[in-house]
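Subject: Structure handover and notes

Dear colleague,

I am passing on the structure that we spoke about, and my notes on it follow directly below. Please read them with the model open beside you.

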Amino acid sequence: MQFIEDVNDVKFSFWEKPPASSMTHAFVYVNNDNEYYAVKNGERLSRSELRIGKYNRVYTVNLQHQTITYNEEVSSATRGRRFSVNLSIDIAVEQPERIVQQNAGEFRTIINNNLPFWVESEARFFPIEEELRFARHIEEFFQSSPLVKVLRDAGIVVRNVRVLIRQGIRDQRHDEAIADLDRNAELSAYQEAHDLEEARRISATIKEALEAGDFITAGKLGEKNEMAKRLVESEFSQNQTFKSEVNKQLLNLINDHTIDQFQAEQRLAKLKKLFPYLPVDLEKVNRKKQISDPRRELPSYLNKGD
């Protein structure tokens, strides 16, 4: 769509009135002296005005706003990264006589032809992370640059500029992949912290059970959480009081004549398997128990972890 839609010779008639303009179209009359007269907004030239002005040509000018669009990906200042530029510029004729004087009816075509080169050249001054600053630069250009004055001199005004700049599709996917990695790392860190907190809670319960001689509960909890077992082992190696109390409870189990020998052996074997670091010298205990009651001897292989 061009701003100057038609050019016709003026034919004077005593019987027919010159055509009326409208809100969307204006008429610009021109004579041989290059004098211009514009009628718009529903007005019309009278027969006398037409005759006195000696107008011999009439231009039909489209006053409706026209939208120039640009939707492309362009290279940024960041190597290998591209902007996605969505640009819409609404322009319209404000002074129809000027566009005829300047013969600027194809101004839209001129802008369309040069806009891609301008956007691409300007984009190379902005790193990929400065898409908002690049967008403001484009908006300001169509509000206060020398181009705006050229357009005004031609009777054209910029009504509105809409610009949206994002990273190119490939770069968006690249950043989304990085964000996914960050989210996964965050979830992993949260899960590790949660698992550690749970292990600490369970290890505290295991410790209490061992100190109380409740080896059945300690064994069940140790089977469920490997990390808790490792925490108890660390506590056992560093806390002498804890170690002594556990040894005491194990000796109490061994010396408890109310517990069946086979049952005691099973408990100790299971504890040895779950907590192989328990340093109870069962051979010495067995020797002592042989003296007091040879029938209740406990096998020494438990202390070897077999």
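L87, once its neighbours within four places in sequence are set aside, is in contact (heavy atoms within 4.5 Å) with I68, T69, Y70, N71, L115, V119, I138, F142, V161, R162 and V163. Please bear in mind that this is a predicted model, in which local features need pLDDT of at least 70 and side-chain atom pairs count only at pLDDT 80 or more, while totals for chains, interfaces and linings use all residues. Residues are numbered from 1 along each chain as its sequence is written, and side-chain values use heavy atoms, with hydrogens and water left out.

The nonpolar cores

L87 and V85 are the residues with the most contacts inside the largest nonpolar core, which has 38 residues. A nonpolar core here is a set of buried Ala, Val, Leu, Ile, Met, Phe, Trp, Tyr and Cys residues joined through side-chain atoms within 4.5 Å; buried means under 20% relative accessible area, exposed over 50%, and partly exposed in between, with a 1.4 Å probe and protein chains only. Two or more residues of this core come from each of strand 2 (25-31), strand 4 (55-62), strand 5 (66-75), strand 6, helix 2 (96-101), helix 3 (107-123), helix 4 (131-144) and strand 7 (156-167), where helices (H or I, at least four residues) and strands (E, at least two) are DSSP runs numbered from the N terminus. Another core, of 19 residues, lies apart from it and includes I206, L210, V246 and F275.

V85 belongs to strand 6 (residues 82-93) and is buried, with a relative accessible area of 0%. Beyond the four places on either side in sequence, V85 is in contact with Y70, N71, E72, V74, V119, F134, I138, L164 and I165. The C-alpha atoms of V85 and A135 are separated by 8.7 Å, although the two residues are 50 residues apart along the chain. S88 also has its place in strand 6, and S88 is buried at a relative accessible area of 17%.

Helix 4

The buried residues of helix 4 are F134, A135, I138 and F142. Around the axis they cover an arc of only 105 degrees, which puts them on the same side of helix 4; the arc is that of the directions from the helix axis to the C-beta atoms. These buried residues pack against strand 6, helix 3, helix 5 (146-153) and strand 7, whereas L132, Q143 and S144 are exposed on the other side of helix 4.

Helix 8

Helix 8 (residues 226-238) has 13 residues and reaches 19 Å from its first C-alpha to its last, close to the 18 Å expected at 1.5 Å a residue, the expected span being 1.5 Å times one less than the number of residues. In helix 8, A228, K229, V232 and F236 are buried. Seen down the axis of helix 8, its buried residues fall within an arc of 100 degrees, so they line one face of the helix. The face turned away from that buried side carries the exposed residues S237 and Q238. At the start of helix 8, a side-chain oxygen of N225 comes to within 3.1 Å of the backbone nitrogen of M227.

Strand 4 and its partners

Strand 4 is mostly covered, with 6 of its 8 residues buried. Strand 4 pairs in the antiparallel sense with strand 1 (residues 4-9) over 5 bridges, and with strand 2, also in the antiparallel sense, over 7 bridges; two strands pair if DSSP finds at least two bridges between them. The bridge partner of D9 in strand 4 is R57, and H25 stands opposite N62 of strand 4. T60 is found in strand 4 and counts as buried at 14% relative accessibility. Not counting residues up to four places away in sequence, T60 touches F3, I4, E5, D6, H25, A26 and F27.

Two loop residues

Most residues other than glycine have a negative phi. Phi of N34, however, is near 60 degrees, a positive value; N34 lies in the loop between strand 2 and strand 3 (36-39) and is exposed, with a relative accessible area of 52%. Phi of K54 is near 55 degrees and is likewise positive. K54 sits in the loop between helix 1 (47-53) and strand 4, and K54 is exposed, with a relative accessible area of 64%.

With best wishes

Conventions: Polar contact = N/O pair within 3.5 Å; in protein donor to acceptor, adjacent residues only side chain to side chain.
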